[in-house]
Amino acid sequence: MAVFTEVSESSAQELLSQLKLGELVELKGIQGGIENTNYFLTSTEGQYVLTLFERLTHEQLPFYLYLMKHLAQGGIPVPDPMSNQDGDILLTVEGKPAAVVNRLRGKSELAPTAAHCAAVGDMLARMHLAGRDYNRQQPNLRGLPWWNDTVPVVLPYLDASQAALIQTELAYQNHTAASSAYAALPRGPIHADLFRDNVMFDGSQEAPELSGFFDFYFAGVDTWLFDVAVCLNDWCITHVDGTHDAAKAKAFIDAYQAVRPFTPAERQLLNPMLRAGALRFWTSRLWDFHLPREASMLQPHDPTHFERVLRQRVAHPVTL
């Protein structure tokens with residue numbers, strides 16, 4: 001989350017009036033992240049998050065916003081978009097497409113225990129099942145076609161070892177995607193970016209209560225296993241060197257499978273999807289780092305972190 005577009009207090013008050021959410025108390029830019037402009041929006045009626053979309057279009061956004069509403073109505077703790085008097089949840093602020101959602105309680109846990117990992121695994125499986133009857137379609141816009149387009153763009157910024165790794169992995173992922181096992185993987189709406197800073201917890205360290213998943217703006221229809229892999233690559237590793245944390249991974253996977261057991265194809269392709277998740281975020285972080293956009297609070301992530309994760313997944317495959 002960053003601030004690319006400045007929002008005035010008068011614009012914020014006009015928006016609150018449209019949504020019948022009371023009077024403006026505070027408008028505060030949110031630091032972190034790299035895609036959209038985000039503000040904490042506090043009014044006399046409550047606490048909200050205002051997002052202005054910098055890359056996604058008016059045509060793409062209904063998928064994300066109505067997915068959140070669908071999941072919220074299905075009992076999954078996610079931000080619920082607010083509607084204006086015409087029932088619209090896709091709004092316009094400062095000439096940009098925008099949305100206002102309720103602010104989730106709790107805070108992110110950046111040093112998760114096995115209990116936190118289990119809570120995420122359980123809720124991710126519930127979210128996948130709740131999304132099965134969602135009737136809008138949109139592919140994962142940061143999936144394989146995007147990797148194929150973007151790797152050549154970032155290649156000039158890599159040394160010989162990095163270039164060999166990323167090109168070899170891209171070829172491997174294209175080969176995997178053409179396989180019959182990959183075609184058999186269950187699919188549906190996925191979050192695709194469920195890192196530690198996109199989950200909220202309440203309660204104690206010993207008995208954490210998951211209070212919400214948020215930031216659904218990379219969501220799309222893709223394999224559920226890719227969503228699992230993205231989580232395992234962030235929640236269940238040692239962040240210093242990217243090594244696999246078997247205890248946390250077991251807690252996550254056991255909790256997930258208690259709700260939705262893996263299929264044979266998923267069991268077969270777990271490590272290829274872990275590699276896919278690492279490639280996706282290495283590629284996007286290289287792109288953001290070397291080809292940044294202007295933003296008043298932008299802090300690009302270190303690309304080499306996911307290079308290390310990918311090297312670990314290649315050298316030390318994870319099996320069930």
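Trainee: Let's start with the helices: which residues in α7 meet which residues in α10?
Mentor: Bear in mind that this is a predicted model. From α7, the residues involved are Leu-225, Phe-226, Ala-229, Val-230, Leu-232 and Asn-233, and they meet Leu-270, Met-273, Leu-274, Ala-276, Gly-277, Ala-278, Arg-280 and Phe-281 in α10. By class, the residues of this contact divide into eleven nonpolar, two polar and one charged.

Trainee: And at what angle do α7 and α10 pack?
Mentor: Helix α7 (residues 224-235) and helix α10 (residues 270-290) pack at about 70°, and their axes are 8 Å apart. With that angle, α7 is roughly perpendicular to α10, and the crossing of the two is right-handed.

Trainee: OK, what about α3 and α7, how do their axes cross?
Mentor: The axes of helix α3 (residues 114-130) and α7 cross at roughly 165° and come within 11 Å, which makes α3 roughly antiparallel to α7.

Trainee: One more helix pair: are α4 and α5 roughly parallel or antiparallel?
Mentor: The axes of helix α4 (residues 144-154) and helix α5 (residues 160-177) cross at roughly 165° and come within 11 Å, and these two helices are therefore roughly antiparallel to each other. In this pair, α4 passes α5 in a left-handed crossing. The contact involves Leu-144, Trp-147, Asn-148, Val-151 and Val-154 of α4, together with Ile-166, Leu-170, Gln-173, Asn-174 and Ala-177 of α5. These residues divide into seven nonpolar, three polar and no charged.

Trainee: I also clicked on Thr-176; is it buried or exposed?
Mentor: Thr-176 is in helix α5, and its relative accessibility of 5% is why it counts as buried, the cut-off being under 20%. Leaving aside residues up to four places away in sequence, Thr-176 touches Tyr-182, Leu-269, Pro-272 and Met-273.

Trainee: Switching to the sheet, what order do the strands have?
Mentor: The sheet is an open one of five strands in the order β1-β2-β3-β5-β4, and the pairing is antiparallel. The edge strands are β1 and β4 (91-93), each of which pairs on one side only. On average, neighbouring strands of this sheet are turned by 35° against each other, with direction ignored.

Trainee: Which helix packs on the sheet, and what does it touch?
Mentor: That is helix α1 (residues 9-19), which touches β1, β2, β3, β4 and β5 (96-102), and whose direction makes about 120° with that of β1.

Trainee: Why is β2 described as largely enclosed?
Mentor: Six of the seven residues of strand β2 (residues 37-43) are buried, so the rest of the structure largely encloses it. Strand β5 is mostly covered, with five of its seven residues buried.

Trainee: How many bridges does β2 make with β1 and with β3?
Mentor: Strand β1 (residues 24-29) is joined to β2 by five bridges, the two running antiparallel, and on that side Lys-28 stands opposite Phe-40 in β2. With strand β3 (residues 46-52), β2 pairs in the antiparallel sense over seven bridges. Leu-41 stands opposite Tyr-48 in β3, while Asn-38 has Thr-51 in β3 as its bridge partner. A hairpin joins β2 to β3 through two residues.

Trainee: And at the other end, which residue takes a positive phi in the hairpin of β4 and β5?
Mentor: That residue is Glu-94, with a phi near 50°, in a hairpin that has two residues between the strands. The strands β4 and β5 pair in the antiparallel sense over three bridges, and Leu-91 has Ala-98 in β5 as its bridge partner. On to β3, which is joined to β5 by five bridges and runs antiparallel to it, with Val-101 in β5 as the bridge partner of Val-49.

Notes:
Residues numbered from 1 in each chain as written. Predicted model: local features only at pLDDT ≥ 70, side-chain atom pairs only at ≥ 80, totals over all residues. Heavy atoms only, no water. Buried < 20%, exposed > 50% of the residue type's maximum accessible area, 1.4 Å probe, protein only. Helix = DSSP H or I, 4+ residues; strand = E, 2+ residues; numbered from the N terminus. Pairing = 2+ DSSP bridges. Axes fitted to C-alpha atoms, helices over the stretch in contact; angles between N-to-C directions. Contact = heavy atoms within 4.5 Å. Parallel < 35°, antiparallel > 145°, perpendicular 65-115°, else oblique. Left-handed = near helix turned anticlockwise from the far one by under 90°. Nonpolar A, V, L, I, M, F, W, Y, C, P; charged D, E, K, R; others polar.
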